[in-house]
Each structure stands twice: as C-alpha cells, then as structure tokens.
Amino acid sequence: MPDIARRTLLAGSAAGLAALAAPRTGRAQGGPIRIGEINSYTSQPAFLQPYRNAWILAQEQVNARGGVLGRPLETVFRDDAGKPEDAVRFAGELLSNERVDLLAGGFLSNVGLALADVARQNRRLFVASEPLADALVWSQGNRYTFRLRPSTYMQAAMLVEEAAKLPARRWAVVAPNYEYGQSAVRWFKELLAKVRPDVTFVAEQFPALGRIDAGATVQALAAANPEALFNVTFGADLTNFVRQGNVRGLFERRSVVSMLTGEPEYLDPLRDEAPEGWIVTGYPWEELNTPAHAAFRDAYRRRWNEPPRLGSVVAHETVTAIAAALARAGTTDNERLVEAFRGLRYDGVFGPVEFRAIDHQSTLGAFVGRTALRGGRGRMVDWRYADGAAYLPPDEVVRTLRPQGT
Amino acid sequence: MEFLVLQALSGLASASSLFLVAAGLSLIFGVTRIVNFAHGSLYMLGAYLAWTFVEHGPGGALGFWGGIAAAVAATALIGAVIEILLLRRIYRAPELFQLLATFGVVLIVQDLALAIWGPQDLLGPRAPGLRGPITILGQRFPLYEAFLILVGPAVLALLWLLLNRTRWGTLVRAATQDREMVGALGVDHRRLFTGVFVLGSALAGLAGALQLPREGLSLHMDLAVVTEAFVVVVVGGLGSVGGAFLAAVLIGQLHAFGILVFPKITLVLVFLVMAVVLVLRPHGLLGRPQAEARAPSGAGEPVLRPATRPVRILGTVALLCAIALPPFLGDYGRVVMIDMAILVLFAASLHFMMGPGGMASFGHAAPFGIGAYGSALALKLAGAPMEVGLAAAPFAAGLAGVAFGWFCVRLSGVYLAMLTLAFAQIAWSVAFQWVEVTGGDNGLLGVWPSDWARDRLVYLYLTLALCLGGTLLLRRAIFSPFGMALRAGRDSPLRAEAIGIPVGAVRWAAFVIAAVMAGLAGGLFAYAKGSVFPTYLSISKSVDGLVMVLLGGVRTISGPIVGAVAFTGLEEQLTRVTDLWRLVLGLAIVGLVLAFPAGLAGAAAALAERRR
C-alpha cells in the first residue's frame, strides 16, 4: 500500500492532532480578568439561553463602569451538553489553555459536583450558579466551591412553611426520579412531619425525568385520594402532568404545593392551562418593582428585547457576586478570593445577599406565592420574598452536615 | 375496580401513541434494514410542525385537523428528502453504516429545531371537539385519550389492508423477506425503498402531531421516543407491524400497573421487558428468523489480512509519534490525548465484537461504565489504591461480559444488538437508582490516581501503555487462531461448526474479551476524570462508540483507531469553536458518510488497492 493510504490516514487523524496542538495563551498583566463558564447550553436551552444573555449583559455593565481592579471582565463559555465528564475536560482546558482566573456555572447537580471536585483538586475558585444539590455545599462541600441559588433544602423549607398552614393531612407526592426530585421529597416529608406530626403520605410517584406517562401517573395519584399534593416535576413533565391532571380533575378540591412552578421558564409554556391556586416558589418578574429589579428588567429588555427569566437573574447575580468578590479581594489570587467570598455581602436584584462563611451557600432567596390566571396566562399572586437566610438549618446542624475544616 | 379499568385505559392510550411511532420504524427496518436513528427526529418535527400549522392556521376544527394533516405531509416530504439525498446513496455500505448517517441527521435536526422554534417548551391547543372528559364507571377520562385508543387499532387495520390487499403492499412484504429476489424479479427497489421510507416518516409525523393536544413539546422529544420505539419494534419482532402493536400494548399495560407497585419503574421498565422477551423469544413476539440480507454477489465480508509493510511502517511511525509527543504538549493537550487513547481502546474493543465477531453492540457503554464503577467502588468500599482499582475495572467488566454474553451470543443481528442495549440500560438504571452504593446520578467523586501517577504526563504514559497495549493485543487476537475461528463463525456458522469450531463458545469468549478491554478503558477514564457518573453507562456513550467504529470503517482493523481519533478530535474542536457544534458535526458526519461509505480507513485501503 503506497503513500496514498498514509496521507488519508493522516488526514483522518488531523482533526485529532489539531486539538493537541492548540496554542497556549499567556496571561498579560493588566489584561482582562477571565472567567471560565461551563454549562449545559445545548441540553437545557430553555433555562440557559436567558441565563447567558443576562451574563453578557452583567459583564457589559461591569465593564462599562470600568471593570474590576481596573481590568475588564471576560468570559469563555463552554457547553458540556449535560455530561459531567465533558465538564471536567473543559474545566481542564479553561484552566490550562485559556488561563481563566476562576470557574463558574453548572446547571445539573452532577455537573456541579464534578466541577466542585475539580476545583478542590486544582485549588481554584468555582462559583456554582445554578445546581441545587445540597451535597454541593454540605456533604461534598469544599473550600473552593460557593453556590448562589437557594438549594433544594431551602426551597423545600420555604414550601413546608406554607404547607403546614394547610388543613390537609393526607399527602401524595410526585417528583422526577433523580437526585433533585428525591431530595426535594425527602426534605419536604422530613420538615413537614416536624411541624405537623399528624400528616401522612399516602402515595408517591417517581416518573423518569422527561419521560412521565402523565395519564397513568395522574390516575395512580388520584386513586390514593390525597387531600394535598406536593409536586416536584418541571419542564415538559410538568406540562404533561398539568394537562392530564386538569382533564381528569386531579387538582379539584385539593391543595397543590409545587417546587419551581412559579418560574417563568416553567409557568409560561402552560399558557392558559396554568393551574390556579398552587403554592409555588418562583419569580414574579412583572410585579416585582423594587428599584434594583426594575433597573435590571429594563436593562435586560433593552439589550435582548425580551423579558428576563429566572435564569437571567441567576446569571446576573453570579457576575455581580464575582465582581464584588474580586473588588473585595483586590486580587485574582484564588486563595484570597476564596477568603473574600466567605461572608461576602452585595446588593443583588432581589435584595442584599450574603455568601455564608459557614457553608459557602448564598442567602439569595426565592419568591413564594400562588399561581393564578391573568390575561390568559399563568402569573404569581400574593407573593412574598423568602430570604434564603431564614430557611437554612441552624449553624450547629450545618456543621454536622458539612465536613469541617474546609 | 373502577380505578383498575381506568388505569388499563390510560395504558392503552399510551400504547397507541407508542405504536404509531414504532409502526413506521418497523416498516422501514423490515424493508430497508436501516436502523433509523432519526425516526425520533421525524416524530419531533411532526409535533413541532403541527404546532406551527395549528397556531398560524385558520383556527377551529378545520384549522386543527388540517394542521395535523399538513404536518404529516410535511414530515413525509422531509423523509423523502433524507432518503433520496442521503440514504439511497449508501444502501450498499456495510451493515449498520446507515445508522451513522441517521445519527448525523439527528444532530442537524436538534440544532435546527432549536433555531426555528426556540428553547422554550411549547404547548399546543387541545383538539376541538375532544377537549373535555367523558365519564367511565363514575370516573373522568379524557375524551382525547379515548380517541387515541381507537387511532392505534385503526392505523393497524389500515396498514394491514395496505400491506395485504394492494400490489404495493405485496411487494413490500416480499422485499421484507428477500429484497434481492424482489429486485431480480424486475421491481425497482429504489422506488420501493423511497415509498416505504416516506410512509414510515409520515407515520412518525402522525405520531408526533397527535401528541399535540396531549403533551408539551420539548427539544428532548426525539431521543426520548426513539429508544422506546426501537424497543417496541424489537419486542414485537422486526418488520412485524402486528407484533409492534402487541408489544406497545404489553409495555403500556405493564407500565400503567407497574408504577402502582414500583413508582420508580419507568426508568427501566421497557428494557426489562425487552430483555425478558428476547431471552425467551430471540426473534421477538411475532418476528420470524431474519432472512439474511444477501449481499450483492462478490461483496461479502472482505478477508482481513495482516498489515502490509507500508502500513506497518506507518503504524509504527504513528505509535512513535504518540510516545514522543506528550512532553511537548500543554496540560490540556495531555488531557485530550488521555481521552483519545481511552476512546481508541473503547472503539477497538467494540470493533473486535462488531467486525471480526459480527456482533454489533448498542450497549458497549455497559462494560465501559461497569469498569469505571468497578474502580470507583474498589476505592470507596475497600479503600483500594489505583493499582488495584485498575485491575478491578476489567475484572468487573469481564464478569458482566460473562453474564450478559451468555444470553447475547445466542442471538444475532439487531436482536443481539438490542439485547446488549437492554443490559446496558439495566446496568445504567442500577447505577442511577442504587444511591446508597453508587451515589445515584450525583456519581462518585474523588477517584484520583495514586500519587506517583498524579502528574498528568505520567498518567498519560500509563494510559498510553495500557490502551495501546490493549489495542495491539486485540489486533493480535484477530490474527490468532482464535480470531480466525471467530471470523469463520461470523462468515459461515454452519461450515465453522462442521469443521469443529464451537461457534457459540468462541463468540462468547470474544464478547468477554471485548468487555474486559472496554472495562479497562472505563477504569482509566474514571481516574482521568476523578469521578464516575451514570452517564458513563448511557446510551449516548454507546452511540459514540458505534459512531467511531463506523466512521473509521468496520471492515478494517485500523478503522476504530482512526475513527476514535477523528471523532473525538472533531467534537472537541467544534464544541469550543461554535455554539452550533451539533449542526456542524452532523453535517460533517453526513458529508463523511457520503464521501467515504467504507469509513475513513476503509476508503484509504480501497484507494491503495486501486493504485496497486
């Protein structure tokens, strides 16, 4: 076989070799501060497109004010496509090739945990914006990882407060069958049983994520004849569950308490079939008119010509927090940055937020209210802001949950 | 009692939906032998197109049903375009190669759908006239679900009439049994294939469009449905539309009642059903033993020959480059090279089964992931260091190979491949569900190498040594007497048995060897990433392996190596360069498929052959 084969073989491998020969960029002093952002953009676009838009907006705002430490912010985005192993690879690429100063992002809990472990291993700061898993700051918590969003525990605790006020004693639960759904149900049961020992759970359904067989699930829940329901499904599962539940009358004369359903990402797709009177956590972007939020909303609309979603708030807060921490540390040195993040306070679009030194969880809260139909689509009404600080366990409990000395 | 009746009805409604998708897939496979991975994409397109037509249509009953009809027609048209522009050109390629082409289509459609319809889930209107519930035994049941229960059997009846009472249907059935013979009798099988593909696409479009009043539309619809549809087709028996209906009803009912007893069963139910059915009935419920798709004369499996001198030199040069290169690479370059080396071994082990063994696997992620979990669990449960963990990986995967292989090697063709998929999914669901041991979907963290191998360069050399060693060993095995026996069993089981080769035992051994090597790759992967997740066992990992082998060329020995390096390199580059990486990667795959129907290495070999 003469050299033709050699050439073709080499051509086939060229793409592979090109990857190996990627250039290394040096870090110029006084150049931009670089953030490596890894998220599941192609697998979770509904949440993450508004997220990325707001990230870019927030970065532009910071840079318009002259940047941080006299240097502009710059972000390198990577798409992990929902695979933790790819996220780990990109983390390596961002740290060694792109020379980023810190890591951020993560949507899925397992991606967040994988990145947190990389952060620990490499002694680099990782600001987890979205992943909800409690393990991220508790059982698997480490010195280099901070989390912005209210965790599964916190959101469950917010809803338990409302659920305890209901007369219902017979409860049924439905949750997607993965860590988030299981944890939400576990905390909800545990916390509710503490304040309402008279409550019993009569049925539970755990459909696979994104694969709910809504008709059968609704029927199975109805058969147990509960007085109230706790729902953790979201996205496509929620849509199908609500539609089947509406036609089959599952929600009639029953209270429903539901995680995340008030977020526009999940409420808007339901259009005029959005359920009424559910007690939910979420984000009432239209009615929230505090000066900070109104300014954010207007800026977002001007920049992207669409209303913000909760993902937008999460991204905006993350960038704001990173900028605040950089300013507080006065350096990009990660050890000092970690110290700056511990106990960092800043003013976000929902109000003041603190990154707790004890477990690296921020006190960003969520809105708790009821759903209602207004003008042919679902909205949140009677809402209040639940400050995250009020929905975390007492410090001595947190110390038992998180390995100490980290 | 009333409740059980209603649960059964809910199960029937789901069964109807499932049947509609599966019917088209079964027809297409029966005649063209294409494993149409893009069937889910056509289903998704049907749903989204229906949404668009109904939303922007005249409204009312006419607007709704007209929109559904328009969506079905549009999906059929898209199917025609795919068949004529792409699939028609590669029918002569090796078995399963078309899967690669349809995989490219899946990637393209995913990005196009995102660009056209946006990232938000969409909710269509309810069907006019079928909005409300009816009352059955004092319980409410949605009218539309009742309508769906009727649609399934109606479509089945129409298909039966079409297949049994028309000339076209007779030809289709004839082609299902022996397409060469049909061609020899003067039937233009190109038109027949196009017709069947269009019909199958229309059915997928109909299935998608009819979900509009029932479910929200999301960009995950395609992959969520396509595996289940395949399961239904295989459980029913390939090419048997009636079997598909039976299987859909079986799965729908088992699911409706299964969740009452095991609320978490959805994760794995269809795969459990498939495993049981295939073990008991190797050709599905109503399937018949598959007539061999006779290869065009003189184009059977080519004989694998030891490398010629130039190829040997080339291989040695490549090997020396791989060994000499790492010190000059940056840290990330080393990371990528570790990944590539691991995937080369992964692809080579799959190729060992698929090529010389003639046993395609849709579940090769199973030994890979089990190897990774073997390493991680050795660490977590026994505190074993990396050296032990790396031995535990192939051991665990080999054990799984012994168990899975015992069932799998009795089957052949797509049935065998689907049984491996069933086992892989069962393994995946165990990793996913057994939270106390495996950590569930949050995985196991902190699986880092021993101190001496912690430096990336050292770990890279360790990986290279084991992966290249494993790959060379597999290559050696292909030309050993064992490999000869394996190939003999593939090419002619009867004659092989007649000269005293225990074909079944040889295939089983090959299955286990492939599992051991994939397990080693998985163990190395675990320590390279520092963590283990159920995604290592997922369908997409299995598909990646298939894509690498097919892209490189299943009929050559260097194919998996070239394919693994090309695919990972391409993906790695594209994901960093563009947000539309799925579109570009899909187009690249489709382009490569059209340009090199024998795979990259196959094309090189053919070129050299012609030069000689």
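## About the model

This is a predicted model: local features need pLDDT of at least 70, side-chain atom pairs count only at pLDDT 80 or more, and totals for chains, interfaces and linings use all residues. Residues are numbered from 1 along each chain as its sequence is written, while chains are lettered from A and ligands numbered from 1 in the order in which they are written.

## Where the chains meet

Contact here means that the C-beta atoms of two residues, placed from the backbone, lie within 7 Å. By that rule, 70 residues of chain A touch 76 residues of chain B. Several elements of chain A give two or more residues to this side, including helix 2 (45–64), helix 3 (84–96) and strand 7 (200–205). Helices (H or I, at least four residues) and strands (E, at least two) are DSSP runs, numbered from the N terminus. The largest share comes from helix 1 of chain A, with 12 residues.

The chain A side divides into 31 nonpolar, 23 polar and 16 charged residues. Ala, Val, Leu, Ile, Met, Phe, Trp, Tyr, Cys and Pro count as nonpolar; Asp, Glu, Lys and Arg count as charged; the others, Gly among them, count as polar.

## Domains of chain A

Domain 1 of chain A brings 24 residues to the contact, and domain 2 of chain A brings 18.

On the domain 1 side, helix 2, helix 10 (291–304) and helix 11 (310–329) of chain A each give two or more residues. Helix 11 of chain A gives the most, with 3 residues. By class, this side has 11 nonpolar, 10 polar and 3 charged residues.

## Domains of chain B

In chain B, 19 residues of domain 1 contact 21 residues of domain 2. The domain 1 side has 15 nonpolar, 2 polar and 2 charged residues.

## Two crossing helices

Two packed helices are described by the angle between their axes and the distance between the axes. In chain B, the axes of helix 1 (residues 2–32) and helix 10 (residues 241–261) come within 7 Å and cross at roughly 145°. Axes are lines fitted to C-alpha atoms, for helices over the stretch in contact, and angles run from 0 to 180 degrees between N-to-C directions. The contact of these two helices has 16 nonpolar, 8 polar and no charged residues.

## The nonpolar core

The largest nonpolar core has 363 residues. Such a core is a set of buried Ala, Val, Leu, Ile, Met, Phe, Trp, Tyr and Cys residues joined through C-beta atoms within 7 Å. B:Met274 and B:Met418 have the most contacts inside it. Leaving aside neighbours within four places in sequence, B:Met274 contacts B:Val231, B:Val234, B:Val235, B:Met418 and B:Ala422.

## Two positive phi angles

Most residues other than glycine have a negative phi. A:Arg271 has a positive phi, near 45°. A:Arg271 sits in the loop between helix 9 (264–267) and strand 10 (279–282) of chain A. A:Arg271 counts as partly exposed because it has 17 C-beta neighbours inside 10 Å. A residue is buried with 20 or more other C-beta atoms within 10 Å of its own, exposed with 12 or fewer, and partly exposed in between; C-beta atoms are placed from the backbone.

A:Asp382 also has a positive phi, near 50°. A:Asp382 lies in strand 14 (residues 377–386) of chain A. With 11 C-beta neighbours inside 10 Å, A:Asp382 counts as exposed.
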